[in-house]
Amino acid sequence: MDLDQLAALRTPEGSAALDAAARVAGGDPLTAAGALRSAGVPAGLAAAALTQAELRRRAVGKFGSAAARMFLTRAGLEQATRRVVADRRAARLRAAGVTTLADLGCGLGADALAAARAGIRVYGVEADPVTAAMAAANAEAAGLAELLTVECGDATAFDVTGVEAVFCDPARRRAGTGRRIFDPNAYSPPWDFVTGLAARVPHTVVKVAPGLDHALIPAGAEAEWVSVDGDLVEAALWCGALAEVPRRATLLHEKEGPPLNASGRGGAPSYHLTGTGGEEATVGPVRRFLYDPDPAVVRAHLVAELAADLDATLADPSIAYLYADAARPTPFARCLEITDVLPFSLKRLRALLRERRVGRVEIRKRGSALEPEKLRRDLRLAGDAAASLVLTRVAGAPTTLICRPVPAAG
């Protein structure tokens, strides 16, 4: 996609091509291209429209129905924030009294659009000309052009003295190749610039990869890990006046209903677990119930805080499974009832499952080198019963736990 192609897609002819592409997207690409050319759409315009239609189809999971009006790139879509996460972040900024925001490296505009929807005046900066033009087009399509303007330029050169807050999502993929960048100093903008924003702007938020090394978290910042329906999707650093606690695990849900793992009130939008991130949970024996913490809890180093809430202990100091005598409702972990504890032995496990006519197993693991799908094949399951297998270590020894789910709380 280049600027000329984007401009062509925004003409009446381009809009018609996008509508036609949306009707045939998702099937065979050659058939779809042939259908557009048969309808009189020029080949170049047809290719651009079909690319957008396919990206919009993929983007529904992140942006919902708004995806149908957005202009997207593959790399931009992959790094873009999910709408449920961006909306929650924007609401927190608005609650902190923020009315003006600079989004440095705004990409396609996912976070900038959310802030504008919350009533914040947003100034987006994006280095790539096509991506910047797409972000501006997305603001116009959303009816937010008066609150969100985008300029193509160097984020490090933007004058932040005129805004109350800064949001920065540094690029973590190499331009051209799309390969992930694991060294923060190679981010764009670079890490020293990003972390230096907190000293220049009263309210600073930085989106980072979920695998961020805790040693890189600036002193005084709040580090938050966010999961959506059980999937860990991002981490963020809240700096300056926005920092409320050292560590936070936030669980969000895109669909109405009870949280994943069956606890809490139905339809609740988010759950938060906070703490220092430096506590250690007590180690004890395997007990009747096993809790598998949400990945946001694990990455935020808040397993000890969750253990205290559940009156639970670890069975191995390096494995983030918790064990308790009672099943307590919590949105922060899935609860399983343990029926058997076995030192790992394929022969013994296969015999026990055959005796119980187990034909379906869910396999979870922490601290085990076994490959779940290979183990599933090796077990040669047959029967109509189901079970959950947990591959782990207990006091350093490879162990298999046979479990059954704890029913959802009403």
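I began at Glu 362, which stands opposite Ser 388 in β15. Before going on, I noted that this is a predicted model, where local features need pLDDT of at least 70, side-chain atom pairs count only at pLDDT 80 or more, and totals for chains, interfaces and linings use all residues. Residues are numbered from 1 along each chain as its sequence is written, and side-chain values use heavy atoms, with hydrogens and water left out.

Next I looked up the strands (DSSP runs of E, at least two residues; helices are runs of H or I, at least four). Strands β14 (358–365) and β15 (385–394) run parallel and are joined by 7 bridges; pairing takes at least two. With helix α13 (372–379), they make a left-handed β-α-β unit.

Then I turned to helix α2, residues 12–24. Which of its residues are buried (under 20% relative accessible area, 1.4 Å probe, protein chains only; exposed is over 50%, partly exposed in between)? I found Gly 14, Ala 17, Leu 18, Ala 20 and Ala 21. They lie on the same side of α2 because they cover an arc of only 165° around the axis, taken from the directions from the axis to the C-beta atoms. Pro 12, Ala 22 and Arg 23 are exposed on the other side. The cover over the buried residues includes α1, α3 and α4.

Last, I checked the cores (buried Ala, Val, Leu, Ile, Met, Phe, Trp, Tyr and Cys residues joined through side-chain atoms within 4.5 Å). The largest nonpolar core has 51 residues, and Leu 36 is among those with the most contacts inside it. Helix α4 gives the most to this core, 9 residues. A second, separate core of 50 residues includes Leu 104 and Val 166.

Key
A crossover is right-handed if, with the strands pointing away from the viewer, the path from the first strand over the helix to the second runs clockwise. The expected span of a helix is 1.5 Å times one less than its number of residues. Contact means heavy atoms within 4.5 Å.
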